[in-house]
Amino acid sequence: MTDCLELFRGYGKTIQRRPGVFQLHAPFQPAGDQENAISALTSGIENGEKNQVLLGVTGSGKTFTMANVIQNVQRTTLILAPNKTLAAQLYGEMKAFFPHNAVEYFVSYYDYYRPEAYMPSSNTYIEKEATINEQIERMRHSATRALLERQDVVVVASVSCIYGLGAIESYQGLAVPIVRHQHVPLMGFLRQLSDLQYKRNDMDFKRGAFRVRGDRVDVFPAHYEDRAWSFSFFGSQIESIHEIDVLTGGKIAPLDDVTIYPNNHFVTPGPTVQQAIIHIEKELAQRITQLRDENRLIEAQRLQERVTYDLETLRTTGICAGIENYSCYLTGRPFGTPPPTLFEYLPQNALVIADESHVAIPQLRGMYLADQTRKNTLAHYGFRLPSCCHNRPLKFEEWDDMRPPTLFVSATPGPWELEQSECIVEQIIRPTGLLDPEYTIHPSHNQMEHLRSEIEKTITQGGRILVTTLTKRMAEQLSEYFTEVGFKARYMHADIDTLARIALIADLRKGVFDILVGINLLREGLDIPECQLVAILDADKEGYLRSKTSLIQTMGRAARHVRGHVILYADKTTLSMQAALGETTRRRQIQWEYNIKHGITPRSVKSPLLHIEHSDSDHDTWATLSDAQLYQAMTKAASDMAFEQAGKIKRALEYRGWTAADIALGCKMREHVDEPDC
């Protein structure tokens, strides 16, 4: 039986990646500058160039160019996006281009995240608080599984992928390969599922659970959404394996073999945990001695209580709250070495594409320093052991050293990628013949009256409007103002849940509302062909949000519509405005000359609505409710003191155009409920 169990566990086995061929499906062929760009970039990768830049203007089809390069080089590809919204859009586009290949989505799975921190000035300790999005967590598991099993994989990730992830040697080493007719003791099978952190639940069968029904064991893998695996035993032999529907239990298809991956990326073998506890105790003793020698008795007592509690939890359950703070011992890696990240899951011949690199690269630079400042403070005041600093994102130098050949894509590349790149390819000509949008500079005096007039004209013509502000509060107030004067408007900023942002953009494109107000989320890469008007408030306020790069990117949101127009509200023309408008004029001239030479008539971009996979989340449920039902659910949640839930429903009402006054009085309910005082 021991030999059988060791064979079953599969410790240390390397899972072979299945070969696959990228097959691009698109209803059009490369045109304009795309053909030359695809050829040049493909040659650069095949010739071993590590850094290349694709300088492509908005609406020139950079994503299509990227997809063609992926098909040409046939390499596993990681696409980095600077935010979740853009990552979701790229994910949808790549799934449409590669329907028969593995296109995955890997972003931070926190809908809400407040990191552990301590502020010495006010003696305030802030405990870590987070809300995990189960759907995104599932998609992260699907991404790592695909990277380990297949070669034809495109992973679209946010820059948060440089944060620590479970070590690949543990995640892959604990994976359990199962083959039909394999001899496996039933109790050993159940024990191994528990070791992989799957929980037995015979009543509520959900992702990450397993259930036992006589001689049949059903397992709901961490990477599946609505399917599970059913294993039928005959004695100590697996008689059959089937993929089943989790709702009905009906069989979908027979399987010859499957591989069960851990239910948690941070799963660690039992012997490793026991060894880690020894090292943690040793560091704890040394640190307490040091603190007492410095007469810092409060910090010593605090540290001893916190770490001792964590150790007891580790011994009992194999996991504890904040286990990531002990990652250096659980991974067995020496201090100072890079933490395990998604980049370690990539094959050696992979390709990295940094989309909107002018934003992504600075983000990669800044993550490590901000993280270490917070961790050092926690360690200094006895909230964590000094080794907690090992749980960190990659340093920029580490990322630069380990990354595969990289293609930097942007309409406004930054200085670093331009300096690093051996090949810089321009893609200025748009296949549609569209020119960069015309622009108007209007004084800030009476700007709201002027903007209202322009919005009315645009809505009459069937166009959509983006309005950019400088603050979240102003975005919310402006959205409320537009609603009060009779427009259908919403706002979007960083406080909006990830999947809700995607839904907002889809609703804007479908015409559920006409005006979207936001800050910097309305800039890079958002594909909204219906956007006819972009209004930039406070365009003359020099700074990050009104720099040359930001202005060019924001103006580019109107570059997919044949009547695209940009209004910059400003009382003076800043240097950033001059540079941005000058570059826009240059690009217009190049496109105009190309159109004249080839007899091209500009036409608006046509692109289908793309949907990211989603499960039955709160937003999906609320979408089926009327305004009155939503309002009643919000008041009930508030009366039950479920304030977080009430806040989410309040935001859902705001997405539908409710103002603060409406929510306070319930006035929108007058269409559904007889309330004479409303």
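## Buried charges and enclosed space in a predicted model

Arg-384 is buried, because its relative accessibility of 9% falls under the 20% limit. The model is predicted, and the values below are computed from it.

The partner of Arg-384 is Asp-310: the two form a salt bridge in which the closest N and O atoms are 3.4 Å apart. Arg-384 sits in the loop between helix H11 (357-380) and helix H12 (396-402), whereas Asp-310 belongs to helix H9 (residues 297-317), so the pair ties together parts that are 74 residues apart in sequence. Asp-310 likewise counts as buried, at 7% relative accessibility. Salt bridges with shared partners join Arg-384 and Asp-310 with Glu-116 and Arg-306 in one network.

### Other salt bridges

The count for the structure comes to 31 salt bridges. One of them links the side chains of Glu-243 and Arg-227, at 3.2 Å from N to O. Glu-243 is part of strand E14 (residues 237-245) and Arg-227 is part of strand E13 (residues 227-234), so this pair ties together parts that are 16 residues apart in sequence. With a relative accessibility of 9%, Glu-243 counts as buried. Arg-227, in contrast, has a relative accessible area of 31% and is partly exposed.

Another salt bridge joins Asp-152 and Arg-150, whose closest N and O atoms are 2.9 Å apart. Asp-152 counts as buried at 4% relative accessibility, while Arg-150 counts as partly exposed at 22%. The value for Arg-150 is not under 20%, so this residue does not count as buried.

| Asp-310 | Arg-384 | 3.4 Å |

### A buried methionine

Met-139 lies in helix H5, which covers residues 134-149. The relative accessible area of Met-139 is 4%, so this residue is buried. The C-alpha atom of Met-139 is 6.5 Å from that of Phe-106, although 33 residues separate the two along the chain.

### Cavities

Rolling a probe the size of a water molecule over the atoms shows where empty space is left. In this structure there are three cavities of 30 Å³ or more.

The largest cavity holds about 180 Å³ of space. Its lining consists of 19 residues, and those nearest the centre are Leu-165, Gly-166, Phe-266, Ser-327 and Thr-331. Helix H10 (residues 327-331) gives the most to this lining, with three residues. By class, the lining of the largest cavity has nine polar, eight nonpolar and two charged residues.

The second largest cavity has a volume of about 80 Å³. Among the residues that line the second largest cavity are Val-57, Thr-58, Ala-411, Arg-430, Asp-436, Pro-437 and Arg-587. Ile-552, Met-555, Gly-556 and Thr-584 also belong to this lining. Helix H17 (548-555) and helix H18 (575-598) each supply at least two of the lining residues. By class, the lining of the second largest cavity has five nonpolar, three polar and three charged residues.

Definitions and conventions: Residues are numbered from 1 along each chain as its sequence is written. This is a predicted model: local features need pLDDT of at least 70, side-chain atom pairs count only at pLDDT 80 or more; totals for chains, interfaces and linings use all residues. Side-chain values use heavy atoms; hydrogens and water are left out. Helices (H or I, at least four residues) and strands (E, at least two) are DSSP runs, numbered from the N terminus. Buried means under 20% relative accessible area, exposed over 50%, partly exposed in between (1.4 Å probe, protein chains only). On a 1 Å grid over the protein atoms alone, a cavity is a set of points where a 1.4 Å probe fits but cannot get out, and a pocket is an open set with protein on both sides within 12 Å along at least five of seven lines; lining residues have an atom within 4 Å of a point. Grid points are joined across faces, edges and corners, and a volume is the space filled by probe spheres set on the points. Ala, Val, Leu, Ile, Met, Phe, Trp, Tyr, Cys and Pro count as nonpolar, Asp, Glu, Lys and Arg as charged, and the others, Gly among them, as polar. A salt bridge is a side-chain nitrogen of Lys or Arg within 4 Å of a carboxyl oxygen of Asp or Glu.
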